[in-house]
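Hello,

Here is the structure I promised to pass on to you. Have a look at it first, and then read on for what turned up.

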Amino acid sequence: MTSPPIQRALISVSDKLGLLDFARGLTDAGVEIYSTGGTRRHLESGGIEVHDVSEYTQFPEMMDGRLKTLHPKIFGGILCRRDREDDMEAIEEHGISPFELVVVNLYPFEAAISRPETTLPQAVEQIDIGGPSLVRAAAKNFDFVTIATRPEQYSSILEELESDGCTSLELRRRLMTEAFAHTAAYDRVIADYFSGELRPSHFPTTLNLLMRQKTELRYGENPHQRAAVYREVGARGASLVTARQLNGKELSYNNLLDLDAALGIARSFSEPACAVIKHNNPCGGAVAATIGEACTNALAGDPLSAFGSVLGFNRTVDVETAEILSEPGLFIEAIVAPDFAAAAVGILTTRPKWKANVRLMQVGRIEEPPAPRHYRYIDGGMLVQDADVDPDLSVDWSVVTRSKPSDILLDELKFAWRICRTVKSNAIVLCKQRALCGVGAGQMSRVDSVEIAINKAGDKAHGSVLASDAFFPFPDSIERAAAAGVVAIIQPGGSRNDEEVIVACNKFNIPMIFTGRRHFRH
């Protein structure tokens, strides 16, 4: 099939980024431009000759702009098939001009509803009708029509137009798939919004997740598994899928999982914080007066496990921190942080033995909250839950023992409680001086997790505090913790044997807090 030369373009966009340069390129290539309303005025202000759609259709815009392009002379010109005599005879009979290029993006519905002051009637007015219809019509007729829905597509269209006078079928097919994804994402946002506005349920009746592939990965968790990373359309806030890579090899599937875990821990603290991740569990973590001190204390938690780890920071990585990370004997796979000082990048990419390979991921400001929901595939379906992002510090906490924690111990317990909820269940953490010093993760028995955490902490267990993500079913864990020198405990409570556990803490004069909230992480 011969690609038709582009002679006429219909342009109607809300996002006018790069539009003037694109339109100048079209006119330089001899393309006639038809447009409406604000888009037409924008193009004319840039000195570009434009045909008014209303003059062409001989039908005025009406209903405050609701009705502009919904007309047979527009849709006939888009949908006509150049290889069908009856289609071409029909448009000639009715004075319809064919369009070979349609450039449309939609009313900013998502931006409108993100503003707290937007009312329901205002949201309704941001539902585009003509735009999606134009996009779908052009995409359906991709054999003959090129559809552009994002400014990022303009350059590839111009390149082919300038060299060949038309676009290739390969490009039109790619733009067609992106166009249908564009309208699907738009409809999804509208449906989700009104599901929340008009239905009492916390979750939508129909769940539509739209993701756009960012890149394919070298492999998945293991070399025999293929993998790719996708970005959720409409997702906002700092994340690994929007991060800028400053150095290092291509990210792997496991890198992304660990970096996401590191970022999640670091962003949960307001003080300078560092998280050290290994196999998606923290093996170190600390808060301190400076990011460099937090880094030192976090790495000291489990130096053996920290070799080949991934680090997350909630502050700019400065020279002091880079110097710490460049000390001999330390190997770091990847680092995620809001930013990196230029001098710190220079140190990290020139001094350590691993300088050429370490991935440095700059995510920008991380004050924005993470995703409010957590999704997990199971065979045949999906589980959806609210993300466990609320550390519930001091909310409904109660001291259940005769001994009460001091203010210093309470601060230690708060730190331990934040860290504990990021560890795979059954989760036990030991913390000291607001730094993680022992972790027991993912064990089938809670007492085994206690033993592992104590063994990991070694001498640091003496004087530490212990946090458990769920209740202790028996007092045996308390007895083992007391023998190791644990001085305070925090846990949800709720076991039928709570009283026995409290008696054990009183026996060893260990203050214990019940939080009333469990933090399983499977």
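Contact here means heavy atoms within 4.5 Å, and that is the sense in which I speak of one element covering another. Please keep in mind that this is a predicted model.

Let me begin with helix α4, residues 72-79, where K73, I74, F75, G77 and I78 are buried. Among the elements that cover these buried residues are β1 (8-12), α3 (53-57), β4 and α8 (130-140). As for L26, its contacts beyond four places in sequence are A9, I11, V31, I33, L101, L158 and L161.

N105 sits in the loop between β4 (101-104) and α6 (109-113). Is N105 buried or exposed? With a relative accessibility of 7%, N105 counts as buried. A polar atom of the N105 side chain lies 2.8 Å from the backbone nitrogen of S14, and one lies 2.8 Å from the backbone nitrogen of D15. Leaving out residues up to four places away in sequence, N105 touches S12, V13, S14, D15, D128, T149, Y154 and H182.

Now for the charged pairs. The whole structure holds 14 salt bridges. One of them joins the side chains of E100 and R82, at 3.4 Å from N to O. This pair links distant parts of the chain, 18 residues apart: E100 is in the loop between α5 (85-93) and β4, and R82 in the loop between α4 and α5. E100 is buried, at 4% relative accessible area, whereas R82 is partly exposed, at 21%.

E323 and R351 also meet in a salt bridge, at 2.6 Å from N to O. E323 belongs to helix α14 (residues 319-325) and R351 to the loop between α15 (342-348) and β13 (359-362), so the pair ties together parts 28 residues apart in sequence.

A further salt bridge, between R480 and E451, has an N to O distance of 2.9 Å. Here R480 lies in helix α18 (residues 476-484) and E451 in helix α17 (residues 446-457). Both are partly exposed, R480 at 26% and E451 at 28%. Finally, R150, E152, R174 and E178 are linked in a network of salt bridges.

Best wishes

Methods: Residues numbered from 1 in each chain as written. Predicted model: local features only at pLDDT ≥ 70, side-chain atom pairs only at ≥ 80, totals over all residues. Heavy atoms only, no water. Helix = DSSP H or I, 4+ residues; strand = E, 2+ residues; numbered from the N terminus. Buried < 20%, exposed > 50% of the residue type's maximum accessible area, 1.4 Å probe, protein only. Polar contact = N/O pair within 3.5 Å; in protein donor to acceptor, adjacent residues only side chain to side chain. Salt bridge = Lys/Arg side-chain N within 4 Å of Asp/Glu carboxyl O.
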